[in-house]
Amino acid sequence: MVPVMEQNLEPGLYIVATPIGNLGDITLRALAVLRGVAAIACEDTRVTGKLLKYLDIPAPRLIRYDDHADEGTRAGLIEQARSQACALVSDAGTPLISDPGYRLVRAAREAGVMVTSVPGPCALVAGLTLSGLPTDRFLFSGFLPAKAKARSDTLALLGHTPATLVFYETAPRLVESLRAI
């Protein structure tokens with residue numbers, strides 16, 4: 001029997017991982033948290049709205065939050081999280097892993113607001129486990145630089161690292177980055 005999840009969440013900021021591609025990958029705990037928060041900070045309110053609709057969760061207040069969010073938005077979220085449960089989600093996967101959020105988490109922690117993680121899907125881990133490459137030691141280096149010289153310098157610096165190297169890349173730059181690698 002599946003345990004009943006607590007719906008009365010403590011005030012604070014909940015970092016909630018969302019499905020990467022298969023919406024069935026949402027965790028039971030993520031469902032409970034998303035149902036119990038007063039507000040959700042998200043990269044794109046349309047994407048999060050669709051997810052909530054699919055999951056049959058009445059949309060709480062959705063607040064657009066990305067790397068360009070201003071200090072006022074961040075301060076408002078922290079103030080709300082002092083008295084209510086608030087979530088941070090990215091469009092897909094785990095927030096802060098090459099997605100927005102580290103400034104919000106840092107500011108929340110500095111303000112004494114409780115911050116907790118609701119783990120789940122992560123493209124980094126999914127890709128690594130499917131790659132067939134060694135997983136006992138790896139280095140995640142986020143996105144390669146867009147400029148050819150900076151990308152080449154980064155690859156030269158990391159090329160002798162005794163670990164599996166993992167990078168994220170955008171579709172338009174993928175072929176160019178693979179050639180550089």
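Q: By class, how many nonpolar, polar and charged residues are in the lining of the second largest pocket?
A: Seven nonpolar, three polar and one charged. Bear in mind that this is a predicted model.

Q: And which residues line that second largest pocket?
A: Ile20, Ala92, Gly93, Thr94, Ile97, Ser98, Asp99, Cys122, Ala123, Phe143 and Tyr168. The space in there comes to about 180 Å³.

Q: OK, what volume does the largest pocket have?
A: About 270 Å³. Its lining takes in 17 residues, and the ones nearest the centre are Leu165, Val166, Phe167, Tyr168 and Glu169.

Q: Which helices and strands supply at least two residues of that lining?
A: Helix H5 (123-131), S7 and H7 each do. Sorted by class, the lining of the largest pocket has twelve nonpolar, four polar and one charged.

Q: Where do phenylalanine 140 and tyrosine 168 sit in the chain?
A: Phenylalanine 140 is in strand S6 and tyrosine 168 in strand S7, 28 residues apart, which makes this a link between distant parts of the chain.

Q: Is tyrosine 168 buried or exposed?
A: Buried, because its relative accessibility is 15%, and the buried class means under 20%. Phenylalanine 140, at 24%, counts as partly exposed.

Q: What about phenylalanine 143 and tyrosine 168, what's the geometry of that aromatic pair?
A: Edge-to-face as well, with 5.7 Å centre to centre and 70° between the planes. This pair also joins distant parts of the chain, with phenylalanine 143 in strand S6 and tyrosine 168 in strand S7, 25 residues apart. Phenylalanine 143 has 40% relative accessibility, so it counts as partly exposed.

Q: Which residues form the aromatic cluster, then?
A: Phe140, Phe143 and Tyr168 make up one cluster.

Q: Which of the elements gives the most to the lining of the largest cavity?
A: H3, with three residues. By class, the cavity lining is seven nonpolar, with no polar and no charged residues.

Q: Last one, helix H6: which residues are buried?
A: Arg151, Leu155 and Leu158, in a helix that runs over residues 148-158. They share one side of H6, because they cover an arc of only 75° around the axis.

Q: Which residues are exposed on the other side of H6?
A: Lys149, Ala156 and Leu157.

Q: And what do the buried residues of H6 pack against?
A: Strand S6 (138-143), strand S7 (164-168) and helix H7 (174-180).

Terms used:
Residues are numbered from 1 along each chain as its sequence is written. This is a predicted model: local features need pLDDT of at least 70, side-chain atom pairs count only at pLDDT 80 or more; totals for chains, interfaces and linings use all residues. Side-chain values use heavy atoms; hydrogens and water are left out. Buried means under 20% relative accessible area, exposed over 50%, partly exposed in between (1.4 Å probe, protein chains only). Helices (H or I, at least four residues) and strands (E, at least two) are DSSP runs, numbered from the N terminus. The arc is that of the directions from the helix axis to the C-beta atoms. Contact means heavy atoms within 4.5 Å. Ala, Val, Leu, Ile, Met, Phe, Trp, Tyr, Cys and Pro count as nonpolar, Asp, Glu, Lys and Arg as charged, and the others, Gly among them, as polar. Rings of Phe, Tyr and Trp (its six-membered ring) pair if their centres lie within 6.5 Å; planes under 30 degrees apart count as stacked, over 60 as edge-to-face and the rest as tilted. On a 1 Å grid over the protein atoms alone, a cavity is a set of points where a 1.4 Å probe fits but cannot get out, and a pocket is an open set with protein on both sides within 12 Å along at least five of seven lines; lining residues have an atom within 4 Å of a point. Grid points are joined across faces, edges and corners, and a volume is the space filled by probe spheres set on the points.
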